[in-house]
Number of protein chains: 2
Amino acid sequence: MGTSNGFMLHPIPGGLRALIIWSILLCFGRLSFGAKSRHFKWEVEYLFWSPDCIENVVMGINGQFPGPTIRAKAGDTIVVELTNKLSTEGVVIHWHGIRQFGTPWADGTASISQCAINPGDTFHYRFKVDRAGTYFYHGHLGMQRSAGLYGSLIVDVAEGEKEPFHYDGEFNLLLSDWWHNSVHEQEVGLSSNPFRWIGEPQSLLMNGRGQYNCSLAAQFSNSSATQCKLRGNEQCAPKILHVLPNQTYRLRVASTTALASLNLAIGNHKMVVVEADGNYLQPFAVDDLDIYSGESYSVLLTTDQDPSKNYWLSVGVRGRLPATPPGLTLLNYRPTSASKLPTSPPPVTPRWNDYAHSKSFSNKILALMGSPRPPTKYDRRIYLLNTQNKMNGYTKWAINNVSLALPSTPYLGSMKYGLKNAFDQKNPPENFADNYDVMSPPINPNTTSGSGAYMIALNTTVDVILQNANALSDNVSEIHPWHLHGHDFWVLGYGEGKFSDKDEKKLNLKNPPLRNTAVIFPYGWTALRFVADNPGAWAFHCHIEPHLHMGMGVVFAEGVHRVNKIPREALACGLTGKMFLNNNDNNHN
Amino acid sequence: MGTSNGFMLHPIPGGLRALIIWSILLCFGRLSFGAKSRHFKWEVEYLFWSPDCIENVVMGINGQFPGPTIRAKAGDTIVVELTNKLSTEGVVIHWHGIRQFGTPWADGTASISQCAINPGDTFHYRFKVDRAGTYFYHGHLGMQRSAGLYGSLIVDVAEGEKEPFHYDGEFNLLLSDWWHNSVHEQEVGLSSNPFRWIGEPQSLLMNGRGQYNCSLAAQFSNSSATQCKLRGNEQCAPKILHVLPNQTYRLRVASTTALASLNLAIGNHKMVVVEADGNYLQPFAVDDLDIYSGESYSVLLTTDQDPSKNYWLSVGVRGRLPATPPGLTLLNYRPTSASKLPTSPPPVTPRWNDYAHSKSFSNKILALMGSPRPPTKYDRRIYLLNTQNKMNGYTKWAINNVSLALPSTPYLGSMKYGLKNAFDQKNPPENFADNYDVMSPPINPNTTSGSGAYMIALNTTVDVILQNANALSDNVSEIHPWHLHGHDFWVLGYGEGKFSDKDEKKLNLKNPPLRNTAVIFPYGWTALRFVADNPGAWAFHCHIEPHLHMGMGVVFAEGVHRVNKIPREALACGLTGKMFLNNNDNNHN
C-alpha cells in the first residue's frame, strides 16, 4: 500500500461537516429552516469498474459505485428522481430501514410496492426520513443488489436534537461481497435444473473496495497472495480511516452482502455498540462485531492505543466455511504515515461455525433504556418454518412449504383495487406440522410455490416465530437474516431447536431491541413482535439475495384500503396496468 | 465427428411433411380448411447452452436455442402468446420480413411499434403471413438478438399453389455469429468512453451450432485446432445435411448475425439462387453465396456429384478481416456414412475484401420475370449519409449527422395520439452537405443525437439513396446491410463514390429485385425505392446489432392516423402509458 494521498476517508470535523451539509442543501435541497426537502437526480447504469482490482461490470448510479451517499436530517423529505439508463432491464430502489409511513408505494420493492421502472423512464421516490440512524439503499428486482446497486443513507438527528452518545468524528463502512460471475449468470444457475449454486464470494468489499489478486497484509498471510502495490487512487484501493489519538469516532457499519455473514474487528481496539438499524442500544463493548446482511450498527471507537502505530480493520466471513480472504483496511493514527503497516497480523475472525460466539453477541443487543417497549400481548402469532426444498427438480427455499413466487402485479396495487386474479387469495399457512423434525432433512422435500399474502388487521400486534430447520443435506442448517419492510420489530429472543411452550417465558418483553433485520441461527428459532401500524404491502424475507430469489420470503399486508395517493406510475404494469388501460377504452381506440 | 445418429437434419419427404404439419395443426392450431390460425405459446428465458461447445448463457425460447421454427402457409394467421420469463429484462420479438399489413403494433420493435413486454407479462402477437418465403424472427430490444433470441419462420405457398421451381426436399440453415462475452458486457463497452468494440465473433453458427475449441476439418487446417470428437447429440454438433443422389434440394439460408457478413459454399456443388427475402428471383447459378445480416435466400442444390463421397458446407466471414474460423457442416450422400470425411479441404471463402466478388454477386440478383415492377417515378427522395462519429467522447454512427436515440414511448403510440413531447418533432435532414467528402474521415466528427422521424405521405413512392462514407479512421469504410420494416423495397442499383446525377440513368427500373435488406458497399451508394403503403411507424436501420445500438437507424412513418385497434398493452409505457393512466384519474385514487 502506498501513501494515503487522495480518495481516502477522513473523519469530518463538525465545522466542516456543517459546511458540507450547507453545500449539499444549496445544491440539492430547497433551503428552509427545520425539515428540508432534499432532491437527488440519479441515473442507474452499468459501468466498468474494478471493485476488487479485477475489472467487471457493476450497476452504478451517476457513474459511481457504490451509489452516492444520501445524508439528511431526521424529519427531512428525500426526493430521488431515478432514471433508468439500462438498456433492457427494469430497476427499483429500496430504502432499507426507512419505514415509509404514508408512502408504501415508495418502498422500492418490485412486485410488492411498485412496478419496475422501465428503461428510459424516470420515477420519483418521495419519502420522509423520520428517525436518525444508519441506513442504506439497494436494488430490489431480481438480484440487482448483487450487481452493485447499493449505497448509504445516513440520517442525522434533527436540528437542535442530540445523539445519546458523544463522538468527535465519524466514518462510514458499507460492507458487501463480490463475485466475478455476472449476476445474470448467477440467476440462471439458481433457476436451473440441475441447480447451480453461486459459490462463495471472490472478495469482501468495504465501501465498494476490496483486493482479489493481492493482499494488504501478504506478509502475515499463509496464502500465496502477494503484497498489494496500490497508489491509493485506484477504484480498489482501501479507504483508510485517518484518526487522531485520544478521540472517539463513530463507525457506521452496514452490510448489504448478497450472501456472507460478516465479523468486523479492529486490531487492539474495542468497540462500543450503540445503534442497530436506526435504534439506540444499551451500549456494550466488544472485541469484534457480527453483522448479517441487512443489518446496520454504529460503534464507538476510542483511539487510545499507541499512536506511533497503525492498526488493521478486518472483516471476515461467518456461518459458512469461508473461501474468501478477509476484507482489510487500516486505522491510521495521524501524524503517523498511513504507509506504515501494523507490526502484527490482522485480527482473526472467530471460527466460522462458532455459533456460541455469535449468539453471545446477539444476546447482548438490548434497547437503550427509555426506548419503546413492546405490547405485552400479541393478537396473532405466525410460525414460519424455513426449509430448503425441491420443486419439479428445482431447488427452492420455502416458508411453511410455500416458496414465494412474486406476481407481475404489485401487491399494493392488486390489494388496493381488489384484483383477485393477481395473486393467490388464500392466506398462506400460519404454522407447520407439529411433528415436523427440524433436526433432519425434510422427509418429503417437495414444496409448492405460491403468491399468497398474510393479511393483517391494522394496528394489531403480531408475533412471528421464525423456525429454522435442517436443509436438504444431512447436518446442514444455515443462517438466515430476515428483514421486514415498513416496520421495525422487537427481537424477543433466540432459542435452540423447535420453539415450544416452555420457551414462552424466556421471551424478553422488558428491553428487547427494535430492529428491521434479525437472524435465525442453525437449528434455532427467533421470536419477533411488531405492531402492524403502517398501511401497505410489505416484504418480509431472508436478506440473502439468492435465497430470496429461490423463494425465501413472505408478504405481510395491513390496511391497504387506507393507502391513498399511490402514483399511477407505480402500478402501470400487470393487472393494475391493464385495469388503468381498460377503464379508459371508450376514449381511444 | 462421430456417426450421425440423433439430432441430425434430414430432408423431409412430402408425405412425412404433411403428417408433421397435420400434427402441428392438431397441437397448436384451430383446424379449418384454407387459411389457418396457428397458435404458439412461448416463454423467453435464459438457458445454459453450448452453441460452440463452450458453455454460455443464451436467450432461448421454450428451453430451446435457437427458438422453435414456425412453419405456416401463405395466408395463415400466426398467434404467438409470448411470456417474458426473464428476471429483470423486457423483451420483444420482431418478425423479420413479415410486412405486418394492418398490424404495425405486431412488428416487435421496442420504442417503435410497442413497449417492451415486462418480466412476468404475456403479449399476444397476431399477424398474417401473406406471402411464401424464408423468414426469421429475433429480439429487437437492446442487443437481445446477439444474446441468441432468434429462430426461423418459414412460409409455404398457400394450399393449391406452387413454387415456381421444383425440389425434392429442403433444409433450413439459420446462420449467426457468437461471442463468449455476455451481451450485457458488450453493450456496456459500446456505450462507454473510452469506447470498447465487441471484436470479431468467437464462432459462426449454423442452426445455432458451431465448434470453438475444435475443428470438423482439423486435418486440412493450418491452425492448431484439433479434430472435433462429437457423438452427434451435443448441442454444438453440426446438423448434417443427409441427401440422396440425383435429387434437388432447397436450402433456406438466412443470416441473423450480429456483425458478420458471410459467404456460404458447398464443396464441388453449384447453387442456383431462386428466392431472396421472400421474393422470387431470376434463377442464377453461383459457386458461393454472399449473405449479409438480415437477408435470406433459397438456393437449389442438385446432388449430382460422386455419391460415394461427402462434401463440406462452409461459411466464412466477408467484409472484415476475419478472426473467426469457418462454420462447417457436411453434405452427406446417403447411404455413404456421415462419418466419412471429405478428401479435400472445405471451400475457401473469397478474400474478405474482394468487394468485386461481392458486387458481382449482388448485381446478379434480379426479380423473376412477372414480379411487380417499381413505379417509374418517385415522389420524394431521401439521401442518407452513413457516418461514424464522436459525441461527447462516445463513438456513434449517424445518418445525416443524427445518431438515433430511441425514445421511451413507441413512435406508433406517440404519433397516433399526437404526443409531441415523445420525440423530436422536426423531420430529420433529407440530405447532407454537397461538399461532404465521402472518401475521407469526417472533418468535424462531432454528431448530435435525435429521435426525429421521417413523416411520409401515405401511398407515395419514396427513393432512398444510402450513401456510404469513410469511417473515423483513414481508409476505412464498412459494409452496412440496411433493413426496412413493414415493406419491401426495390434495389435499383449499387454504385461507387458519391451518388450523382449521372448515376440516375444507371438505375434498374426494369427488373430490380424486391428485398427487405440491402447492403451498402464501402465508399459506395445503394439506391432503393418503395411505396409507403403500410400505415405505421417503421424502423429502417443497419442490421449490424452494435451499429444499431450506436445509433445507426432512422424511423419512417406513414398514415399512422389510419392505424386502429392497437392493443393498449402495446403502448402501456412512456407517455402513452401516462396518458392512459391520467385520462382515468377521476375513477381511482
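Analyst: Buried means under 20% relative accessible area, exposed over 50% and partly exposed in between, with a 1.4 Å probe and protein chains only. Helices (H or I, at least four residues) and strands (E, at least two) are DSSP runs numbered from the N terminus. This is a predicted model, in which local features need pLDDT of at least 70, side-chain atom pairs count only at pLDDT 80 or more, and totals for chains, interfaces and linings use all residues. Residues are numbered from 1 along each chain as its sequence is written, chains are lettered from A and ligands numbered from 1 in the order in which they are written, and side-chain values use heavy atoms, without hydrogens and water.

User: Which residues of helix α6 (residues 574-582) of chain A are buried?

Analyst: Contact here means heavy atoms within 4.5 Å. The buried residues of α6(A) pack against α4 (411-416) of chain A and α6 (574-582) of chain B. Those buried residues are A:Gly574, A:Thr576, A:Gly577, A:Met579, A:Phe580 and A:Leu581.

User: Why is helix α2 (residues 183-190) of chain A largely enclosed by the rest of the structure?

Analyst: Its buried residues pack against elements of both chains, including β22 (394-399) of chain A and β3 (56-61) of chain B. Helix α2 of chain A is largely enclosed because, of its 8 residues, the number buried is 7.

User: Which element gives the most to the lining of the largest cavity?

Analyst: α6 of chain A and β7 (122-128) of chain B each supply at least two lining residues. With 4 residues, the element that gives the most is α6(A).
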